[in-house]
Amino acid sequence: MTKVLVPTICPYCGAGCGFFVAVERERAVGIEQMPYHPVGEGALCSKGNASLEILHHQERLTSPLKRKDDGWAKISWDEAVGLVARGIGEAMRDYGPEKIALLASSKCTNEENYLIQKLARLLGTPHIDNCARLCHAPSVVGLNRTLGAAGMTNPIPDIANSRCIFIIGSNLAENHPVVSRWIHRAKDAGAVVIVADPRATPTSWMADIFLQLSPGTDVALLKGIAHQIVKEGLIDRGYIAERTRGFEEFEGSVGEFTPEMAAEITGVPAEDIIRAARAYASSPASMILYSMGITQHTTGTDNVQAVSNLALITGHIGRAGTGVMPLRGQNNVQGACDMGALVEFYPGYRRADDPGTIDLFSTAWEAPALPTGPGLTATEMIGAAASGDIRAMYIVGEDPANSDPSSLSVKRALEGLDFLVVQDIFMTATALVADVVLPAAAWAEKEGSFTNTERRVQWSSKAVEPPGSALPDLEIICLVARSLGLDFDYPDAASVLAEINRTVPQYAGITRERLGKEGGLVWPCPSCDHPGTPILHSSGFRLADGRGSIVPVHYRPAAEGESLEYPFLLTTGRIALHHNAGSMTRRSPSLIGRAPDLFVEINPADAEKLGIDDGDLVAVSTERGETEAAARLTEGIKRGVVFMPFHFPGTNILTTEAADPEARIPEFKVSACRIARRD
Ligand code: SF4
């Protein structure tokens, strides 16, 4: 039997590792290495290696469904699309287009995300967002403001060229395991590794300097480091003078923020803050990697800006081995943002509140009345659904009933909608409350481009057919759009990419033909003869005066603190064997078999006071609800802090809706809670 090898991209994290799906008799039968892939070099982590387990899974959605009595009825695509057109059409007619909202999917291709946001805007609603709101919205806001581009500045393999790697708020050894290979390579060449995290993790095991800070105190830590760098004259005066603006005000803002003051707030010894400051500032090439540990805060944007500040004052940017590296969570969350599936931006990060943007897309799309943004964010849509300000939603490949904070109230809000359509590959918690469910193809059952966390755009080919009558998201979106009277005539992903080439300047030269080559292309790629831009900001910043912007930030505590009633701080995150809300990894036998249950990490001294032993079932409660988890005692977590992974439905019952005032990301990383042993 002939075995065909089809090149594709891992459906999980933003590292975007490539591999071949081996296909026999129209079934995906195995994975073959892609040794030339620039990030993974053929390596995959446990999630990537298990990714085929979801393709032929018996729980895949195989037919459109409509709610019937207490259950579901299988229906034809004609009936399903008709119901969607009626549900959305009635909400628009009765209440106006601004009463509907759409959620795009960072699991979908660039072409699909482009079409989803275009559909929303052609319908007249500004409410289009994606799950970046839950992970890296502060990177979009903070990096655009300070550096003029919302992307990782350097390629992942360039980590090996760094001589000091500062990892803050990222357990990349578990969450982006293939990235950690490059850190080991740098360490082998003598690099110093600094890790700042409230927990000791497999990432902190790599650290030469480990800064175990209290949750929500990142700004204080970064200001303490900046103070020391300025005080010791470790700044790059030439770079500051020639390439940046705002240093004088910044210098004033850190003047009194000594390491001792930072130590008081963060719980990190002042001498470790000083060591970290010296190591970062004085190395010939330093790089900062960060992830949701600093973005999922009410101070998320400030945290990102404080990171940029360190790079700008030391000149550690725009060169090999330097830069600011946000590690994006989902495999196409970067692309979903690039494509304008965000309330603040049309495609290519053109501001949605700029009349010039509206004019430009009105012409490009031949649409005279496009909505001005920003609209309601992903989490604000849910609040608006609860209050009746949003009446209908179209949710593609997202599961807010599991992934949003205070998830019990999210479910109630979704149940209250006049009409909800969910498009996904499995029956998620969100799909369970929908009126209509549309079965979508998984990544290897369709083709299109994905953009990884280093801005690398890669083409993923179709390996197998989707199950039953499931369809690629692109086809479904076109069906729905046409049923709503729009002229969505896109025969394939390549035809959408051709439009993206015309409307998104960063992707102008990233054509279907060029994506056929190994390793894809890294944006910005402004023309068909441009090689792409692996390192950003080498010769200036895409800001008005070409200078990087150093922005003073001020420490604010997290929205929730310990109290008599809720004496612990709950922080949440990921583990190696699961991904995001778990809709795929919890169905993957080899992953769920090794990590089957929700757990809560507790410091042994706290556990002893509460009479809790390792493995005991405990109740974790916050103002929003209660959930059960198995106690896991570990010295790796500070006293007074507990940790739960968010891949299981129980965790986000607990988390707070308090959000960053600019990026409007919820503060998943700090919720006041109490713990009690279940008898
Ligand atoms: Fe997939 Fe990320 Fe693992 Fe690579 S590191 S195999 S992209 S989950």
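The charged end of K118 sits over the ring of F488, 5.7 Å from its centre. R199 does likewise with F643, its charged end being 3.5 Å from the ring centre. For a charge to sit over a ring, NZ of Lys or CZ of Arg has to be within 6 Å of the ring centre and within 35 degrees of the ring normal. The model here is a predicted one, so local features need pLDDT of at least 70 and side-chain atom pairs count only at pLDDT 80 or more, while totals for chains, interfaces and linings use all residues. Residues are numbered from 1 along each chain as its sequence is written, and side-chain values use heavy atoms, with hydrogens and water left out.

Next, ring against ring. Rings of Phe, Tyr and Trp (the six-membered ring of Trp) pair if their centres lie within 6.5 Å, and the pair is stacked with planes under 30 degrees apart, edge-to-face over 60 and tilted for the rest. That rule gives 10 aromatic pairs. One of them is F20 with Y36, edge-to-face at 6.3 Å centre to centre and 75° between the planes. Since F20 is in strand β2 (residues 18–24) and Y36 in the loop between β3 (27–32) and α1 (46–49), the pair ties together parts that are 16 residues apart in sequence. Helices (H or I, at least four residues) and strands (E, at least two) are DSSP runs, numbered from the N terminus. F20 is buried at a relative accessible area of 15%, whereas Y36 is partly exposed at 36%; buried means under 20%, exposed over 50% and partly exposed in between, with a 1.4 Å probe and protein chains only. Elsewhere, ring pairs link Y114, Y346, F361 and W365 into a cluster.

Then there is the ligand. Its shell holds C10, Y12, C13, A15, G16, C17, L44, C45, K47, G48, P177 and V178, a residue being near if one of its heavy atoms lies within 4 Å. Helices α1 and α6 each supply at least two of the shell residues. By type, the shell splits into nine nonpolar, two polar and one charged; Ala, Val, Leu, Ile, Met, Phe, Trp, Tyr, Cys and Pro count as nonpolar, Asp, Glu, Lys and Arg as charged, and the others, Gly among them, as polar.

A191 is found in the loop between α6 (177–188) and β9 (192–196), and is buried, with a relative accessible area of 6%. Neighbours within four places in sequence aside, A191 is in contact (heavy atoms within 4.5 Å) with S162, R163, C164, A186 and D208.

Most residues other than glycine have a negative phi, and most peptide bonds are trans. D69, not a glycine, has a positive phi of about 50°; D69 lies in the loop between β4 (65–68) and β5 (71–74) and is exposed, at 71% relative accessible area. S406 also has a positive phi of about 50° without being a glycine, but S406 counts as buried at 5%. As for peptide bonds, the one from G373 to P374 is cis, with omega near -5°, and a cis bond joins W523 and P524, with omega about 0°.
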